[in-house]
Amino acid sequence: MELAKTASVALALILFASTLPAFSVRAVAPPHSAAQQRRANVEPRINALIARMTVEEKLGQLQQLDGDVDGSFRAEHPDLVRRGLLGSFLNVRGAKRVNELQRIAMNESRLKIPVLFGYDVIHGYRTIFPVPLGEASSWSPADAERAARIAAREASAAGVRWTFAPMVDIARDPRWGRIVEGAGEDPYFGSVMARARVRGFQGADYGDPTRVVACAKHYVAYGAAEAGRDYNTTDMSETTLREIYLPPFKAAVDAGVGTFMSAFNDLNGVPTSANPFTLTEILRNEWKFDGFVVSDYESVKELMNHRLADTEAAAAREALNAGVDIEMVSRLYNKHGAQLLRENKLSMNTIDEAVRRVLRVKFRLGLFENPYVDEAREATEILSREHLRAAREVATRSMVLLKNEREVLPLAKTLRSIAVIGALANDQKNLIGSWSADALGKTDNVITLLAGIKAKVGAETKINYAKGCEIACDNVDGFAEAVRAASESDVAIIAIGESAEMSGEAASRSSLDLPGRQLDLVKAVQATGKPTVIVLMNGRPLTINWIAENSSAILETWFAGTEAGNAIADVLFGDINPGGKLPVTFPRHVGQIPLYYNHKSTGRPPDAKNKYTSKYLDVDVTPLFPFGHGLSYTQFRLANLQLSAQRIRPDGRLTASVEVENTGRRAGDEVVQLYIRDVAASVTRPVRELKGFERISLRPGERRRVTFTLTPESLGFYDREMRFRVEPGAFKVFIGTSSVGGLEGDFEVADK
Ligand code: GLC
């Protein structure tokens with residue numbers, strides 16, 4: 001009887017718990033950590049607060065306004081905070097400023113709801129790390145997490161507790177300037193980097209005052225902008241949406257990301273800042289995301305440009321009803337919310353739910369208990385030696401050695417003379433990229449390539465610098481000086497690429513060629529016959545065909561951040577052996593776009609010997625440099641691919657491993673990559689799909705076995721009925737050091 005009674009009580013408890021909304025079930029489980037403790041009693045506090053809020057105060061929590069680019073707030077802001085009509089800021093930063101506004105909220109407003117300060121801390125706050133595409137080239141989630149952790153420390157010291165990062169948009173079109181802000185073209189890789197960056201910003205509990213809540217953006221498919229033109233329309237199958245563009249966002253949710261940002265683009269005819277399918281059906285109902293969604297900059301108001309809404313009130317209604325909780329900078333929620341309520345075009349429940357999500361994140365940040373920032377932290381955290389050292393280390397690991405013929409690299413530090421050529425070689429502004437946060441305009445401490453080289457070699461090495469030409473100009477007057485500098489030197493290092501403004505937001509390019517006359521500069525310098533090293537500084541893949549063909553050594557450094565010059569010199573002179581890989585494909589010609597490694601076979605796969613196959617008359621269909629490509633100063637050999645089984649069930653797992661040996665004379669890193677191919681399926685599948693990678697360090701002669709595990713998640717796809725499942729049939733495994741070649745194995749998925 002006793003046992004039966006206990007069982008029935010337990011059953012009753014479980015049944016009761018199951019009737020509660022998803023998030024409050026957490027309240028039933030005994031709280032363990034401080035985070036769970038804090039989260040355990042948040043919901044009742046939220047509901048109690050909402051019950052006391054006026055409609056204006058509720059709409060105020062959904063309003064975000066922007067401060068000035070220098071971090072200052074605007075004249076109207078203090079009074080809006082005092083009246084409870086402004087829930088969050090963009091750009092306002094600095095411990096003193098933030099505390100000044102926070103004191104108004106906590107001491108002078110009616111309900112004392114703390115204000116949330118957000119900012120674009122994309123790849124560093126004041127200590128700037130490589131641009132995200134560069135950091136992704138490290139193929140090291142640990143480095144991405146480390147960089148985000150430091151960015152969170154510096155941002156939170158300045159009162160910023162919310163970053164509009166990570167940008168997790170998949171980008172297959174390098175004409176799109178924002179390819180620089182993400183992790184490239186692959187959904188699996190992008191998911192791994194999204195998790196790492198969210199973890200770095202938030203930690204296990206973003207209530208820690210040295211953490212920030214992260215923001216997965218731009219939700220969703222913004223990177224599929226037609227023609228690579230920023231803000232342009234996107235249109236795709238649900239299969240492509242679910243297999244290519246959604247996974248990194250789901251990964252961010254799985255990592256506990258606290259906020260999302262909706263995007264500018266329309267998707268299949270519905271703007272993503274008013275899209276119930278993505279914002280409610282997928283994000284809320286399928287993924288159970290309980291944080292809040294902020295619009296992108298005035299993307300609510302832009303619903304009128306999309307011609308989804310013909311009035312401001314309609315735009316506000318569409319966005320709120322779809323699931324955009326906070327309106328960034330435009331003020332339609334505040335302006336029309338009350339009227340929409342009166343006209344029953346908006347329900348109070350919709351507004352309450354948006355407010356609930358905003359308050360939930362503010363409670364989880366600990367802002368109610370701890371609204372102020374310790375003003376002493378700025379002096380110790382920002383630009384600390386430890387942070388600068390980390391920026392240098394992450395930068396060295398983000399570099400990709402694209403070519404190194406006759407071992408031109410690494411250079412000897414005892415060279416008699418070195419020519420350093422190019423505008424970018426002596427430039428501080430561009431090295432910190434297009435989202436440089438609080439470092440914008442404060443670049444005196446950025447280490448140029450010229451400075452890094454000078455610091456690396458001895459006084460007896462003569463450095464001959466010549467600009468040659470500007471990044472994008474027609475003037476070749478400086479070529480003669482550059483040719484003379486090279487002629488008088490043992491080796492020439494030429495820094496070429498783009499300006500920071502040529503990538504990032506609103507920076508699409510119709511060509512991927514080197515801007516201006518930089519290619520002619522390279523040709524003029526190489527005509528001297530001196531050994532030449534090309535250092536690329538750019539925010540997207542470039543069609544550097546002539547250079548790939550004619551230059552001996554090419555190092556891709558992207559925009560490498562505050563410590564760029566030191567990091568590049570570390571690699572050029574061999575103190576660091578480069579181990580990065582490309583997270584994006586480099587096409588030969590812009591006409592090949594979109595060009596990505598995980599493409600379909602087609603019914604007529606390219607065949608140079610058969611005219612009637614899928615290819616061009618005027619350019620090779622293969623990439624200039626493939627996804628996953630990157631060389632080292634040493635050599636590695638992969639051998640002895642082993643699979644744990646030849647046949648598995650659809651719900652089974654399989655391990656695949658190889659032995660990796662450093663067969664060279666120098667320690668180095670290799671990124672071992674595992675790809676699968678579903679040989680035949682009811683839906684056409686890519687020729688390859690990345691499903692695992694690991695960057696390992698090996699001493700000369702050292703060998704190690706690297707093992708990957710394939711799960712149903714690895715092998716499944718969305719079938720014709722949009723069900724995710726693993727289909728029985730033959731699979732191939734490729735394990736190599738890029739998306740081309742590698743050791744090959746076979747296995748089968750069978751129902752029994
Ligand atoms: C911009 C960008 C977005 C950024 C926001 C705030 O337009 O699209 O990435 O976070 O506005 O600056």
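A polar contact here is a pair of N or O atoms within 3.5 Å. Keep that cut-off in mind for the first stops. The model on screen is predicted.

**Stop 1: the ligand and its shell**

Colour the shell by residue class.

**Stop 2**

Select Asp296. One of its polar side-chain atoms sits 2.7 Å from a ligand oxygen atom. Move to Asp120. Here a polar side-chain atom lies 2.5 Å from an oxygen atom of the ligand. Now pick Arg178. Its side chain places a polar atom 2.8 Å from an oxygen atom of the ligand. On its own the ligand has 310 Å² of accessible area, and the protein covers 93% of that.

**Stop 2: Phe260**

Is Phe260 buried or exposed? Phe260 counts as buried because its relative accessibility is 0%, and buried means under 20%.

Next, show what surrounds Phe260. Beyond its neighbours within four places in sequence, Phe260 is in contact with several aromatic residues, including Tyr219, Phe249, Trp287, Phe289 and Phe292. Val253, Leu283, Val293 and Val294 are also among its contacts.

Finish on Ala216. Draw a distance between its C-alpha atom and that of Phe260: the separation is 4.7 Å. Along the chain, Ala216 and Phe260 are 44 residues apart.

Conventions: Residues are numbered from 1 along each chain as its sequence is written. This is a predicted model: local features need pLDDT of at least 70, side-chain atom pairs count only at pLDDT 80 or more; totals for chains, interfaces and linings use all residues. Side-chain values use heavy atoms; hydrogens and water are left out. A polar contact is a pair of N or O atoms within 3.5 Å; within protein, one must be able to donate a hydrogen and the other to accept it, and residues adjacent in sequence count only if both atoms are side-chain atoms. Accessible areas come from the Shrake-Rupley method with a 1.4 Å probe; for residues, only the protein chains shown count as cover. Buried means under 20% relative accessible area, exposed over 50%, partly exposed in between (1.4 Å probe, protein chains only). Contact means heavy atoms within 4.5 Å.
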